[in-house]
Amino acid sequence: MSDTEPRDFIRQIIHEDLESGKHQQIVTRFPPEPNGYLHIGHVMSICLNFGVAAETGGRTYLRFDDTNPGKESEEYVEAIERDVRWLGFDWEDRLTHASDYFEPLYDAAVSLVKMGSAYVDSLSADEIREYRGTLTEPGKNSPYRDRPVEENLDLLERMRAGEFPDGEMLLRAKIDMSSPNMNLRDPALYRIRHISHQHTGDAWSIYPMYDFAHTMSDAFEEITHSLCTLEFEDHRPLYNWFLDQLKPAHRPRQIEFSRLNLAFAITSKRKLNALVEENIVAGWNDPRMPTIAGMRRRGYPAAALREFVKRGGVTKKDKLIEMGVLENCVRENLGDESERRMAVLRPLKVVLTNYPEDEVEMMEAMNHPGRPELGTRQLPFSRELWIEQDDFMEEAPRKFFRLKPEGEVRLRFGYIIRCDDVIKNDAGEVIELRCTYDPDTRSGTGTSDRKVKGTIHWVSCAHAVDANVRLYDRLFTVANPNSADDFHAVLNADSLKTVVAKMEPSLAALAPGQPVQFERLGYFCTDSEEHTEQAPVINRIVTLRDSWAKLEKQAMQQQG
RNA sequence: UGGGGGAUCGUCUAGUGGUAGGACUGCGGACUCUGACUCCGCCAACGGGGGUUCGAAUCCCUCUCCCCCAGCCA
């Protein structure tokens, strides 16, 4: 970070704490619950937590907040580790679990009981809800609230020993049932769950609640700045209450920031899970999903995701960032990084009537217009070619400078051709174009300075490689599907289209995960799950900007 | 109607009593063997009303709107 770049409010606090000597080193943590896959919102938290530590020579823990067995699983643990690593962050030897601290956590709970700050309640879940009051009315004390310390200690011990069924007893903090902050109305500390834990097996039959486990885990790990999202803002008094009561050697500070919401995307684990469970998408890593795994499979570079988050900033204001910002980051990265190739998504045959039947010429094509060091490749050119259906119009508007009857166009890295005849089937659809080429206009020869306005891409029929290409679009039709009553009603029915494309031969050997630009179309990569060299499956990462498409769209709207 | 937060171009974000700036989008143009890239230009904001001050996005008062909280979820 340069000196001129403004710092967000969290980085300001951190730098002040460093300068004042309050902390020698910054320690943060990223604490996901392993009950789902990480999504774009988590990317922000990861970049923030790992970022501020890395920038200041501090360190960051990857801590699994695994306090609710039954909802959590090892599959998610592995996916989360993979995703964080892929994003470019390293926790080194600091991979921990809240469950690593179950023993000291229990000790802390015992301490609270001993100091009269916690008690075992025997009210049912329903009764507790009734006793809690409402937003505008205070709650009332549980009749078990004043159990003697010895009795509480005994009950807690027996809870741990598994003597009671689920829900029979509950350890609660003794704070204030009339607090206007609901979190302070004697929040639960430990609940009974006779269920085995993915990490601790059957060692426990009671499990700590988030607020307690999270606060104390932060303290145990000597976290200096515990960064979380806004919805935990009114948990902070409880966070601080634990610290005030238990006075751990280290006192972390919680700071909240607003979550990152992406327009046209959902970032609720519940809803994401529903998309998967209902087979609306093909899994957590479906390329349409806003999950890290999905975006990786789609072909979004990790660097583009990091840049996106950086542009979003860190504030306390609710945000809904336009999809275009993300796509722009992806294009920017890929434009520099990826080699160019040619492929035709919706093929239309062109026959060059004046080109020799059996001749094949090799055309030299640049792999990147801005980076000559990436070299060139040879493209076979022959009498029969595929061009894009969209690149021909029988009745073209004035500004359409692609191929039209009697019109001329340049074939990229090839010749200028002229359209002589249009061949149609019985249904009246154009199925073939008869064209002539101008032998004096071969690319790179400089034998002709003849210019035409349009340049289109092509693939030689005889040499083309077929590929299933998946064209993705946003999953939802509204900017904020998070707030829709029923997300099913706002699903985009056309979020996935598949076409059989014709690709230049060099693409048959496209390395897995290697993004390329199909000239004039967009960025593409092989699908990590289904692609084989024999049966290529390619994902479209993002289209190129297309000012022609924009013009067309406007024209359509003007016509109504 | 209890408590906790938040309001700056369409979107995101700077600003910390002294010319409201940047990015993305949009619009117009240049360039182009990718209608891409690049370059140039333009449009566009301090939620409302009062006050303090030579001067207010910034300080004070007031109003309005938005978000979060009543799990033995995190």
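I will start with the salt bridges, then take a surface patch, and finish with a sheet.

Keep in mind that this is a predicted model. How many salt bridges does the structure hold? The number is 42, and I will pick out a few.

Take Arg63 and Asp218. They form a salt bridge in which the closest N and O atoms are 2.7 Å apart. Arg63 belongs to strand S2, residues 59–64, and Asp218 to helix H7, residues 210–220, so this pair ties together parts that are 155 residues apart in sequence. Are the two residues buried or exposed? Arg63 is buried at a relative accessible area of 0%, and Asp218 is buried at 0% as well. The cut-off for buried is under 20% relative accessible area.

Next, Asp186 and Arg145. Their side chains meet in a salt bridge, with 2.8 Å from N to O. This pair also links distant parts of the chain, 41 residues apart. Asp186 sits in the loop between strand S5 (170–173) and strand S6 (188–192), while Arg145 sits in the loop between helix H5 (125–132) and helix H6 (149–160). Asp186 counts as buried, at 1% relative accessibility. Arg145 is buried too, with a relative accessible area of 10%.

As for accessibility, Asp146 is exposed, with a relative accessible area of 63%, and Lys174 is partly exposed, at 23%.

There is also a salt-bridge network. It links Glu233, Arg236, Glu256 and Lys316.

Now the surface patch. Glu277, Glu278, Asp485 and Asp486 form a negative surface patch. Of these, I will comment on Glu277. Glu277 lies in helix H9, which covers residues 269–277, and is exposed, with a relative accessible area of 57%.

That leaves the sheet. As a reminder, strands of a sheet pair through backbone hydrogen bonds, either parallel or antiparallel. In what order do the seven strands of the open sheet run? The order is S21-S18-S19-S20-S14-S17-S22, and the pairing is mixed. Strand S21 (455–456) and strand S22 (458–460) stand at the edges with a single partner strand each, so one side of each has no neighbour in the sheet.

Strand S19, residues 416–424, pairs with S20 in the antiparallel sense, over eight bridges. Ile423 stands opposite Glu432 in S20. S19 and S20 form a hairpin, with five residues between them. Gly428, in the turn, has a positive phi of about 85 degrees.

On to S14. Strand S14, residues 347–352, and strand S20, residues 430–438, pair in the parallel sense over four bridges. Leu352 has Cys435 as its bridge partner in S20.

To sum up the sheet, S20 pairs antiparallel with S19 and parallel with S14. That is all I have.

Notes
Residues are numbered from 1 along each chain as its sequence is written. Chains are lettered from A and ligands numbered from 1 in the order in which they are written. This is a predicted model: local features need pLDDT of at least 70, side-chain atom pairs count only at pLDDT 80 or more; totals for chains, interfaces and linings use all residues. Side-chain values use heavy atoms; hydrogens and water are left out. Patches are made of residues with over 30% relative accessible area and no salt bridge: like charges are joined within 9 Å, nonpolar side chains (Val, Leu, Ile, Met, Phe, Trp, Tyr) within 5 Å. Accessible areas come from the Shrake-Rupley method with a 1.4 Å probe; for residues, only the protein chains shown count as cover. A salt bridge is a side-chain nitrogen of Lys or Arg within 4 Å of a carboxyl oxygen of Asp or Glu. Lys and Arg count as positive and Asp and Glu as negative; His and the chain ends are not counted. The place of a charge is taken as NZ of Lys, CZ of Arg, CG of Asp or CD of Glu. Helices (H or I, at least four residues) and strands (E, at least two) are DSSP runs, numbered from the N terminus. Buried means under 20% relative accessible area, exposed over 50%, partly exposed in between (1.4 Å probe, protein chains only). Two strands pair if DSSP finds at least two bridges between them.
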